[in-house]
Amino acid sequence: MPQLLRWEVLYAVQQMDQWVRALEPHWIRGVISHLTTADTLLDATNTARLTKPHQSAVRTLENLQSAARAGYSEFSGITLIDQDVIDLRVLGLRHGASGKRRHLPGRVDLRTVRQPWLRQALRHWVTTARPTTEDFKRTFHATTIASTALAQRADAGEDPVALTFADATLAVDAFRAAGKRDGTPYSSSFRRSLLGMFFQLIAYGRRCGTLDDLAGTFTRVPVEHVISVEEPNEDFIGKAIPESVIRQLDAHLDTLGTGNTYGCRDIAPDARHLLYRTMYIVLRDTGRRPLEIVSLARDCLETHNGQPTLIWDNHKRKRHRRRLPITTSTADAIRTWQARRDQLHLPAKGDRYLFPSLTPLSDAPHISSTYLSDALRLWADALPPLHAEGTDSKGQRLLFDRSLIYPYAFRHSYAQRHADAGTPVDVLRELMDHKSIAMTQRYYTVSLKRKSEAVAKLSAHVLDQHGHLSPSSSTAYEMRSVAVPYGGCTEPSNVKAGGQACPIRFQCAGCGFYRPDPSYLPAIEHHINELRADRETALAMGAAEFVTTALTAQITAYQRVIDRMNTHLASLPASERAQIEEASTVLRKARAGDNHTLLPLTTARPKDPR
């Protein structure tokens, strides 16, 4: 190679060694073999010299050029604070989540900020404060929004002395209307964050003297310059991954962690697969936050009375050594990984962690939650089509959006699974380790829109005592749907009392006001099993014949309700049956969350322990 090019490449490789986790010699050799006729590394035509340019080869060349360019600027006396195009890798900014050096392209053009004084303040902040890359990204985005708003002035906002309080208000209004590229607005919390970061930049510039010329009237007044917190949309369904989708994911567990994921250079493929498989199982079965999963201690299992317990740390609320009951299958998965982990030669700094860092180059002792997110994303995107709950107008199964599969969503799924199963809210609060019960109650809430749609769908499939269809309006159905545990009730005094004043002590199947619908089928079947158990108990006690006869009559009546309901459903098209089942699931979820105290459970007496 020419002497200048040789020295440029040697210098650039030395700089790259500080940026990337691992150098790739074969890509560097490949790039060099195509640059032997070039005069300098900074030749703009160098990319065209690469035959069959692979993405990794192009990225390697760009890294080498960035390093050489930064070296020339430093040698020429051009400091980073004087440049409009900066490289975050040269600055040494670190990623906030993992603390690792940047290894992705990091060139940022600050000229999108139109005002020179504001661009200078941003340059000074990034080169002196050295924020995390996430903080820089948000602050830069916020500065761009404010710059675009100030550009509406006659002087385009380039004179900092001329700015007034009205201009500060103009910038705040721009944050209030800020939105995504598709036109949808950002969440109120994100807009509030952007607004705060912009004025933090202004305050930093004033303290450091770089904004001494900025008018004092250009300031934020907390009383007026606020973005109000918006209430969540009542139609928001939640972020829980449906159980049907989780079952589809489980069917493809053998492919998790087999792609180009973190650890592919450090441990054997079978160990890497088992690592990610275990993290997924713990994530799915325990509902812990991603950071709580990856930071589990190596000895995170305890056994009490034969039942396994997970020991974990609540980093968010700084509550450590928490205990969570888990299933035997979950504990077995952890033990399998523990046995395999003991056979691996891993960095000593991660000895106390169940999922340690796999490379000595990592700054963290355990695997970053970012790597878990990346592995799930690669895995989910490579799977065959996943189907959501429900069907379209043609009876075809709906496709599930894969972007909704990410680690934290499994925490929502865990909570929703318990809420749907009727777990008492105070018990679920303990399982989730929530400080406030109001947070836990969100999982028992079904959006008003979905509930209304379910009511409209099931109101047309209500049966009377004789098994005949007895459709009603959605309003009437809604009032009855919460009256009694085994179906709707139209008896006036009972409806008026909210389902607490049944004249015949909830013997619904023998009542002319009884109006069941398909959403009550599981509850009716459960009640039949309870009646059968009561009958067996009565027989064992030698109770009078009229007692067992009454129980048998109730069992027969409720079984007749189920048979009539199933006959009616069997006569419907498959697509309509699927829609009814989906609507039934919605209403059962609503009852589990809203009516724990409305069911007539106070009539039951606890059994004498003797």
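The model you are looking at is predicted, and the salt-bridge count in it comes to 19.

**Salt bridges**
- Side chains of opposite charge can pair when their charged atoms come close.
- Asp109 and Arg111 pair through their side chains, at 2.9 Å from N to O; Asp109 is partly exposed, with 32% relative accessibility.
- Arg284 and Asp285 also form a salt bridge, at 2.6 Å from N to O. Arg284 counts as buried because its relative accessibility is 14%, whereas Asp285, at 22%, counts as partly exposed.
- Another salt bridge joins the side chains of Arg321 and Glu302 (3.5 Å, N to O). This pair links distant parts of the chain, with Arg321 in strand S5 and Glu302 in strand S3, 19 residues apart.
- Arg321 is partly exposed at 47%, and Glu302 is partly exposed at 22%.

**Helices H6 and H7**
- The axes of H6 (residues 116–128) and H7 (residues 133–150) come within 11 Å and cross at roughly 170 degrees, so H6 is roughly antiparallel to H7.
- Where they meet, H6 contributes residues including Trp117 and Trp125, and H7 contributes residues including Phe136 and Phe140.
- The contact of H6 with H7 has eight nonpolar, three polar and one charged residues.

**Thr261**
- Look for Thr261 in the loop between helix H10 and helix H11.
- Is Thr261 buried or exposed? Thr261 counts as buried, because its relative accessibility is 6%.
- Its side chain makes a polar contact with the side chain of Arg272, at 3.4 Å.
- Among the residues that Thr261 touches are Tyr276, Ala375 and Leu378.

Technical notes:
Residues numbered from 1 in each chain as written. Predicted model: local features only at pLDDT ≥ 70, side-chain atom pairs only at ≥ 80, totals over all residues. Heavy atoms only, no water. Helix = DSSP H or I, 4+ residues; strand = E, 2+ residues; numbered from the N terminus. Buried < 20%, exposed > 50% of the residue type's maximum accessible area, 1.4 Å probe, protein only. Polar contact = N/O pair within 3.5 Å; in protein donor to acceptor, adjacent residues only side chain to side chain. Contact = heavy atoms within 4.5 Å. Axes fitted to C-alpha atoms, helices over the stretch in contact; angles between N-to-C directions. Parallel < 35°, antiparallel > 145°, perpendicular 65-115°, else oblique. Nonpolar A, V, L, I, M, F, W, Y, C, P; charged D, E, K, R; others polar. Salt bridge = Lys/Arg side-chain N within 4 Å of Asp/Glu carboxyl O. Lists of a residue's contacts leave out its neighbours within four places in sequence.
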